[in-house]
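Subject: Structure handover

Hi,

Here is the structure for you to look over. My notes on what turned up follow below.

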Amino acid sequence: MRQFFPVEDLARDDRFVQTNMAERMSDTRSAVDLQRTAKSRGASNRLTPDRHDASDAARSLMHGIMVGEIQALEGAGRTAHDFDAGDGSEGTIPFELKLDMARQAWDEARHVEISVKLSDWMGTEIGQFQENTVLFEAACSNDPVLRLAGVNRALEGLAIDVFTQMKEFGQLADDPFLEFCEDWMLADEVTHVKMGSDWLRRVTENDPDRRAKALDFQRVVDKLFSFGGARGESEESPIGLARRFRELAGFTDDEVDTIAGMDHDALEERKEVVRLARETADV
Amino acid sequence: MGADTTTDTATDTSRSHVRAPFAPWDRRDLPGSFDVAETARRVGNYKWTEMKLFEALGGWVATVPELDIKMRLGTHCYRHAWHAELWHKRLPELREMKPERLTAPANDAMERFVAAMTEPEDSGLTIEKLVGVYRVLIPRFIAAYTYHMNNTSEITDAPTIRSLKFALQDEFDDWRDGELMLQSLIKTPDDVRRATEHQAALEDIMVEAGGITGPGSIGPVQ
Ligand SMILES: [Fe+2]
Ligand SMILES: [Fe+2]
């Protein structure tokens, strides 16, 4: 088995259809349906059961969660595999970090089990929606610290936001099954993000350049997921920013503010693109 | 409150607390087959091999297309990491203050075994991956752990026995999962040939290694 495993080779059965971030970004359909928002629901675009497209949107999101969990499982497994135990320098990671990655692999395996059952419960079939492989892409770096920043902090931070939203969706929809499962997955994700925060700090304690590089990478990934303003504090974003749980997971107020700022900018950018597109169409 | 030897014990409440240090049902015995250094050596071999196993399982998750097997491998990955952690923590208690020093394969053949076991990567080789782990390596773990548990001192080495029992429970569960997965994958004569040929190739190396802790893994070498 190779030491590093490229995203193109991820093994899937025939039901799965994969796409990547570049393809997703070139998709002109907006993550935020601004026209619908403006017409039918005032300013709010939050994923709540009263949205006219709630069940489709929730199903699509749950499928996205499921494939994200598969990649999180694969990414954690690879990090447990790819680096020898050592002091954290020269391509090694501390033994205890390897153990944490193995633990995360188990947690993510349970998340796949949960989200497969939830998808089934919600009437979604495996492969019904495309799989974006961006999470595993972030887990392919040769520097384990970048993996911690990109996967554990940026993407699993996003998972905290998504699960918080889905838990609320379950509450509002009177679906105790959904709410119960999201509650448990949220607890695990807070643990994984905290794991990332703690290890990033520890491994880069005496290497400020490496830490800065990792945090830059985290911002790049965070920005990717701000695209279209799909996640943000504005009610126009379908997914909220779960400040309290992010704090539990080791994010500082400044860090959450930075993410909120990126989300805001992305939403405004998207609105501008949509406005220009409409003007062009009208002409 | 000295004991009065002239009093009938049946009626003397002051003597009712006097009991044999080992209750009649406690048959644990002092002698054991391993001294501290030998125990540490074996535990170091266990840790090394459990590490190689959890790394392999973690690495393979991305390479297997079968979703149920992907999830099982992720689950089992953690269990073997936990065993490695148990052994890692046991080593300093066995006077090895640098656990890395004894975190080693039993011999060169064991190292070659792990290299051969972890070689399959292609998504079409799930049978080979599972055979190496569940039909060759894990049975060897069950054997070595059982031998150790039954031959070490039940009193002086109780902490190792406790960890062995936890690990063995997982090994049995994992072996059963692995065997079920294999039986569900092996459907044609060609599958049977693939499984048995791969198993034989790996067994050859394992026999040369003598088991997880080398010759003597399951008893004195004749
Ligand atoms: Fe997860
Ligand atoms: Fe996670």
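How far apart are the iron ion (ligand 1) and the iron ion (ligand 2), and which residue coordinates both? They are 3.3 Å apart, and the residue that coordinates both is A:Glu108. Bear in mind that this is a predicted model.

**The iron ion (ligand 1)**

Four protein donors hold this ion: A:Glu69 (OE), A:Glu108 (OE), A:His111 (ND1) and A:Glu189 (OE). They lie 1.9 to 2.2 Å from the iron ion (ligand 1). Along the chain their spacing reads E-x38-E-x2-H-x77-E. The angles among the four donor atoms run from 85 to 137°.

**The iron ion (ligand 2)**

The donors here are A:Glu108 (OE), A:Glu156 (OE), A:Glu189 (OE) and A:His192 (ND1). Their distances are 1.8 to 2.2 Å. The sequence spacing is E-x47-E-x32-E-x2-H. This site is irregular too, with angles of 76 to 156° among its four donor atoms.

A:Glu189 and A:His192 share helix 7 (residues 176–203) of chain A. They are three residues apart there, about one turn of the helix. A:Glu189 has 1% relative accessibility, so it counts as buried. A:His192 is at 0% and also counts as buried.

**Where chain A meets chain B**

On the chain A side, 31 residues are in contact with 30 residues of chain B. The two chains bury about 2,400 Å² between them. Of that area, 73% is on carbon and sulfur atoms.

Polar terms are there as well. Nine residue pairs are in polar contact between chain A and chain B, both residues at pLDDT 80 or more. Helix 3 (54–82) and helix 4 (95–121) of chain A each supply at least two residues of the side that touches chain B. Helix 4 of chain A gives the largest share of that side, 12 residues.

Four salt bridges run between chain A and chain B. One of them pairs B:Arg72 with A:Glu113, with the closest N and O atoms 3.2 Å apart. B:Glu55 forms a salt bridge with A:Lys98, the closest N and O atoms being 2.8 Å apart. B:Glu55 lies in helix 1 (residues 36–60) of chain B and A:Lys98 in helix 4 of chain A, so this pair joins two chains. B:Glu55 is buried, with a relative accessible area of 8%. A:Lys98 is buried at 0%.

**Salt bridges within chain A**

Over all chains, the structure holds 48 salt bridges. Among them is the one between A:Arg210 and A:Asp143, at 2.8 Å, N to O. This pair links distant parts of the chain, 67 residues apart. A:Arg210 is in helix 8 (residues 208–224) of chain A, while A:Asp143 is in the loop between helix 5 (134–138) and helix 6 (144–172). Both residues are buried.

A:Glu279 and A:Arg275 also meet in a salt bridge, at 2.4 Å, N to O. They are four residues apart in helix 10 (residues 253–282) of chain A, which means a separation of about one helical turn. A:Glu279 is partly exposed, with a relative accessible area of 40%. A:Arg275, at 38%, counts as partly exposed.

There is also a network. Salt bridges that share partners join A:Asp161, A:Asp222, A:Arg231, A:Arg246 and A:Asp263.

**B:Arg90**

B:Arg90 has its place in helix 2 (residues 67–93) of chain B. Is B:Arg90 buried or exposed? At 8% relative accessibility, it counts as buried. Its side chain makes a polar contact of 3.0 Å with that of B:Asp157. Another, of 2.8 Å, joins the side chains of B:Arg90 and B:Thr160. Leaving out residues up to four places away in sequence, B:Arg90 touches B:Val43, B:Asp157, B:Pro159 and B:Thr160.

Best wishes

Conventions. Residues numbered from 1 in each chain as written. Chains lettered and ligands numbered in written order. Predicted model: local features only at pLDDT ≥ 70, side-chain atom pairs only at ≥ 80, totals over all residues. Heavy atoms only, no water. Donors = N, O, S within 2.8 Å, 3.2 Å for Na, K, Ca; no water. Tetrahedral: all angles 85-135°; square planar, octahedral: opposite > 155°, others 65-115°. Buried < 20%, exposed > 50% of the residue type's maximum accessible area, 1.4 Å probe, protein only. Contact = heavy atoms within 4.5 Å. Buried area = accessible area lost by both parts, 1.4 Å probe. Salt bridge = Lys/Arg side-chain N within 4 Å of Asp/Glu carboxyl O. Polar contact = N/O pair within 3.5 Å; in protein donor to acceptor, adjacent residues only side chain to side chain.
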